[in-house]
Amino acid sequence: MTTPTKPLPPGSAAGPAPAGGRPAPGESLHSPVIDWFDEHARDLPWRRPEAGAWGVMVSEFMLQQTPVSRVLPVYEQWMARWPRPADLAAEAPGEAVRAWGRLGYPRRALRLHGAAAAITERHGGDVPADHAQLLALPGIGEYTAAAVASFAYRQRHAVLDTNVRRVFARAVTGVQYPPNATTAAERKLARALLPEDEGTAARWAAASMELGALVCTARNEACHRCPIAAQCAWRLAGKPEHDGPPRRGQTYAGTDRQVRGRLLAVLREAHGPVPQAALDQVWHEPVQRARALDGLVADGLVEPLADGLYRLPLG
Ligand code: SF4
């Protein structure tokens, strides 16, 4: 039986602070996690060499709020249709929204289209390798820039998605869940945990993310299969219950997001302008329905035309 002990402060489970040749924070975590990854990583299409930086970028947009199983078929179709950024940029933004299908949060499709257009105009159609140039692309935030630079170009960046944040919260900070939104302290910790060597840092980023996705999951962490169980601060502390603010739920039924999804599905399947009456069929509550449609128009996902017609955006 595990004897509960006090949670360790950030970095302490990973070894002492770097000074005078002592191991850097995180050093004791790197090898076990990377070795585990070498053996257990899923063979995902965006991890294969042929995916290139564009494949990595497309996958990162899609995976941000959607599980791998739902992303896989859409990703394959997307890359077959638009194998280069210029291929996507040459089409109307509405085609990106249509191909996005039911991945949810469809503004990501418009943002990916905008990034493809900027890559074509500014970088001759090649996804830039430079982190600052990636960050300057429309629709690309800190996370995606770091992920593309790390996964596609093997650079040294802290790549903090929800899976990595959960692993660090448990293994290093000794709490069950990270805060609801990424904090400066988490970024600092992630940077401190990065291996010095670029290639190893890129491997670590992918490996720690995969560990969170497959082993250190949100609800059923599989500590018996975890390569860092012996040094995990939260496990060694006896797994104290989360005592932070309530975690954000993922309710969908009855929300404006659900109504927006239904409205967009009608437009995606129509292949042409749709009358208001067809949209009115999708939701019984007129105020919520109008609010959802207004939101789609304001977000540039739907274009209103004359005579009460609507379509996906042409440009
Ligand atoms: S030991 Fe358990 S809680 Fe700790 S990192 Fe591994 S899976 Fe997560």
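**Entry 1, ground rules.** Residues are numbered from 1 along each chain as its sequence is written, and side-chain values use heavy atoms, with hydrogens and water left out. The model is predicted, and local features need pLDDT of at least 70, side-chain atom pairs count only at pLDDT 80 or more, and totals for chains, interfaces and linings use all residues.

**Entry 2, cavities.** I searched the whole structure and found 2 cavities of 30 Å³ or more. A cavity here is a set of points, on a 1 Å grid over the protein atoms alone, where a 1.4 Å probe fits but cannot get out; lining residues have an atom within 4 Å of a point. Grid points are joined across faces, edges and corners, and a volume is the space filled by probe spheres set on the points.

**Entry 3, the largest cavity.** I noted a volume of about 110 Å³ for the largest cavity. It is lined by 15 residues, of which R170, C216, C223, C226 and C232 are the closest to its centre. By class the lining holds 12 nonpolar, no polar and 3 charged residues. I counted Ala, Val, Leu, Ile, Met, Phe, Trp, Tyr, Cys and Pro as nonpolar, Asp, Glu, Lys and Arg as charged, and the others, Gly among them, as polar. Helix 9 (162-173) and helix 12 (233-236) each supply at least two lining residues; helix 9 has the largest share, 3 residues. Helices are DSSP runs (H or I, at least four residues), numbered from the N terminus.

What takes up the largest cavity? The ligand does, where sitting in a cavity means that more than half of a molecule's atoms lie within 2 Å of its grid points. Around the ligand I listed R170, V215, C216, C223, C226, A229, C232, W234 and R235, each with a heavy atom within 4 Å of it. This shell has 7 nonpolar, no polar and 2 charged residues.

Among the residues lining it are V164, F168, W204 and S208. The classes are 8 nonpolar, 1 polar and no charged. Helix 9 and helix 11 (198-214) each give at least two residues, and helix 11 gives the most, 3 residues.

Is helix 9 enclosed or open? R170, V164 and F168 are among the buried ones. I found the buried residues packing against helix 1 (27-40), helix 10 (184-193), helix 11 and helix 12, with contact meaning heavy atoms within 4.5 Å.

Key: On a 1 Å grid over the protein atoms alone, a cavity is a set of points where a 1.4 Å probe fits but cannot get out, and a pocket is an open set with protein on both sides within 12 Å along at least five of seven lines; lining residues have an atom within 4 Å of a point. Buried means under 20% relative accessible area, exposed over 50%, partly exposed in between (1.4 Å probe, protein chains only).
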